[in-house]
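Here are my notes on the model you sent. They are set out as numbered points.

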Amino acid sequence: MSIAMNRRHVLELGLLGGASALFGWKLFGAPANHAATAEYIRQMETIRPLFTEKGPPAAGDWLAAHKESGQTFAQYRASDPNRPTAERTKIYLQPIGSGSKEREHVTTTLREFMQLIFGLEVVLLPALSLDGFPAAAQRVNGFTGQRQLLSTHILDQVLKPHRPKDAVAVLAITHEDLWPGMGWNFVFGQASLGERVGVWSTARMGDPVKEATLFLRRVLQVAVHETGHMFGIKHCTAYECCMNGANHQGESDRTPLVFCAECDAKLWWACSLKPGARAKQLAAFAEKHKLSTDATQWQHIAEALP
């Protein structure tokens, strides 16, 4: 069994590196100035006490196997990360293959969630058929008997050549299982960060009918975690946070949907967001979809940042 069996964000191929009046809490997407940055720092410090510090990892957890130093808000700003510009204003979601109506509904819900998280227009593209998908980019997994798609083919041959000019990121979602190449068993997702393209799979996220809420939460979490990486955000080692690394599904399920103060400030700054109003809308979204723990966290943030 490959080491890939236990990794969520498994392979970084590229370098880690506003928009629309569609949302009432969105500021004009120009680069944040010094006054805006200072205000984000003030708001970050206001909500910092609401978050739980990251404890020592258990055996088998991500930080037990990966020694990472994390990333502060200041380090993030200094890294010149990929972020929206006057030309790159949209995130594109590209479904690949077909799925049940329940899985398709989750994709639509994911679009709504990503618009709230990033404050950008998220365009859901028509699904691409797997008819004609080259044989060299498919295989049957020897452990599960499932068909798998080659993630690097999707990145390099499907997404990159057709990436729209106004895309800050293009993200494929498929219900087929993925593997990234020789020596690997599977991957949940993979991104070519320098090329602003990524792909993830829902194949191992549970039953969308019998485990509807859990399945939805897993899809939302992996999607925004991987997109966070595409915006230059590294794994969080300081707090319990959506940007924590996860080495197995149990660890991933313990991870919040909510970004900690330090990591959320990176998105506020990158996408010119209004933190308080955004948190209020995220709390309402989570409550609507029965994500009660996450709804409570966002509500506390909204109350602290009126």
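1. Start at the end of helix α6 (residues 212-230). G232 follows α6 and has a positive phi, near 85°. Keep in mind that this is a predicted model.

2. The length of α6 checks out. Its 19 residues, at 1.5 Å a residue, should span 27 Å, and the end C-alpha atoms are 27 Å apart, so the two values agree. Helix α6 is also mostly covered, with 16 of its 19 residues buried.

3. Next, strand β2 (residues 90-96). Of its 7 residues, 6 are buried, so β2 is largely enclosed by the rest of the structure.

4. Which strands pair with β2? One is β3 (residues 121-124), which runs parallel to β2 and is joined to it by 4 bridges. Within that pairing, I91 has V122 of β3 as its bridge partner. Another is β6 (residues 167-174), also paired with β2 in the parallel sense, over 7 bridges. There, K90 stands opposite A167 of β6.

5. Now the packing. In soluble globular proteins, nonpolar side chains tend to be buried together. Here the largest nonpolar core holds 64 residues. The residues with the most contacts inside this core are I91, L110, F113, M114, F118 and W298. A further core lies apart from it, with 19 residues, including Y92, A137, L149 and A172.

6. What does F113 touch, leaving aside its neighbours within four places in sequence? Its contacts are L220, V224, L257, L282, F285 and W298. W298 is also listed, like F113, among the residues with the most contacts inside the largest core.

7. Finally, the cysteines. How many disulfides does the structure hold? The count is 0. A disulfide is a covalent bond between the sulfur atoms of two cysteines. The cut-off used here is 2.5 Å between the sulfur atoms. For C236, the closest cysteine sulfur is that of C260, 3.8 Å away, so the pair is too far apart for a bond. For C263, the closest cysteine sulfur is again in C260, at 3.8 Å, which is also too far for a bond.

8. Are C236 and C263 buried or exposed? C236 is buried, with a relative accessible area of 7%. C263 counts as buried too, at 1% relative accessibility.

Definitions and conventions: Residues numbered from 1 in each chain as written. Predicted model: local features only at pLDDT ≥ 70, side-chain atom pairs only at ≥ 80, totals over all residues. Heavy atoms only, no water. Buried < 20%, exposed > 50% of the residue type's maximum accessible area, 1.4 Å probe, protein only. Helix = DSSP H or I, 4+ residues; strand = E, 2+ residues; numbered from the N terminus. Pairing = 2+ DSSP bridges. Expected span 1.5 Å × (residues − 1). Core = buried A, V, L, I, M, F, W, Y, C linked by side-chain atoms within 4.5 Å. Contact = heavy atoms within 4.5 Å.
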